[in-house]
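Subject: Model for your files

Hello,

The model is placed below, and my notes follow it. Please read them against the coordinates.

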Amino acid sequence: MKGLTNFRKMKDNGEKIVMLTAYDYPTAQFAERADVDLLLVGDSVGMVALGYESTASVTVDEMIHHAKAVRRGARDTFVVVDMPFGSYHISQEETMKTAIRMYQETNADALKVEGAGEVIDSIERLTTAGIPIVAHLGLLPQSAAVQGGYRVQGKTASQARQLIEDAQAVERAGACMLVLELIPHQLAKEVSEAVSIPVIGIGAGKDTDGQVLVIHDIVQFGLHRLPKFVKVYGDIGTQVEKAMKQYVADVRQQTFPSEAHHFTMEEDELQQLYG
Ligand code: KIV
Ligand code: NA
């Protein structure tokens, strides 16, 4: 399994790091076969797989449930699990307890938290406790209501300066990696050069050390609208709908099940049955 040392080397050598989200067992298996470098069990699960309006509804138990499935499907891939909204802001004690529980129960390789400010202290404590922590800056989906929706962050010089400082602060606090979401590509390049930990971008242009996208988005599994930064690589949604409609029609028209899908009882057993 590629680990943090490999990801550091990849950054230093300019080899791009490929991250993708996964929320279940088969997706994790496919991702491992596709040689994805690391998987993110994102709280985006709430929106793309559970139908919530925002990631703020996702619970710790739900994250653990999905993360365990992903771990079982990708035993040989580095797995990062999001700490959900509300699970690392109440107190240091509760943050620590929740992180330890998530890390132990899911057998993840790292946990991810959003933001800087007071979160820096948590990154430091969790790292000290032995849990690798991935930071997340720029657009913070868990704080979208405060950031004014899903909009590009760090567009002004002063916001950009703050973001660079935050990135350096999370690195100093011990973060092993940094996800940058929805910021101008020039700023993402600047941040990637300003820290020595690998920087994984989403909607942050090509000059970060790696990329991450949401699996449901890239294969169009869902009826949700896609953000501009998503590139579509497949159309699972259309195929699923087509298959379902055909199944419905087959059962109604009695073309399924056919002989190919049924089981037969021997004639003498049948006779005994009927007496
Ligand atoms: O939850 C998620 O999928 C994420 C990525 C967008 C980075 O946090
Ligand atoms: Na997330």
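Glu181 lies in strand S6 (residues 177–181); strands here are DSSP runs of E with at least two residues, helices are runs of H or I with at least four, and both are numbered from the N terminus. This is a predicted model, in which local features need pLDDT of at least 70 and side-chain atom pairs count only at pLDDT 80 or more, while totals for chains, interfaces and linings use all residues. Residues are numbered from 1 along each chain as its sequence is written, and chains are lettered from A and ligands numbered from 1 in the order in which they are written.

UniProt, in an unreviewed entry, lists Glu181 under "active site"; its positions are given in the numbering used here, feature names are shortened, and annotations may be inferred rather than shown by experiment. Glu181 is buried because 22 other C-beta atoms lie within 10 Å (20 or more is buried, 12 or fewer exposed, in between partly exposed, with C-beta atoms placed from the backbone). Neighbours within four places in sequence aside, Glu181 contacts His136, Gly138, Leu139, Ile202, Gly203 and Ala204, a contact being two C-beta atoms, placed from the backbone, within 7 Å.

Leu182 sits in the loop between S6 and helix H9 (185–194). Its phi is near 50°, positive in a residue other than glycine. Leu182 counts as buried, with 22 C-beta neighbours inside 10 Å.

Asn107 also has a positive phi, near 60°, and is not glycine. Asn107 belongs to the loop between helix H5 (92–106) and strand S4 (110–114), and counts as partly exposed because it has 13 C-beta neighbours inside 10 Å.

The peptide bond from Phe256 to Pro257 is cis, with omega near -5°. Pro257 is in the loop between helix H11 (236–252) and helix H12 (267–274). For context, most residues other than glycine have a negative phi, and most peptide bonds are trans.

Lastly, a helix pair. Helix H2 (residues 25–33) packs on helix H4 (residues 60–73) at about 40°, with the axes 7 Å apart; axes are lines fitted to C-alpha atoms over the stretch in contact, and angles run from 0 to 180 degrees between N-to-C directions. H2 is therefore oblique to H4 (under 35 degrees is roughly parallel, over 145 roughly antiparallel, 65 to 115 roughly perpendicular, the rest oblique). Tyr25, Pro26, Ala28 and Gln29 of H2 meet Ala69, Val70, Arg72 and Gly73 of H4.

Regards
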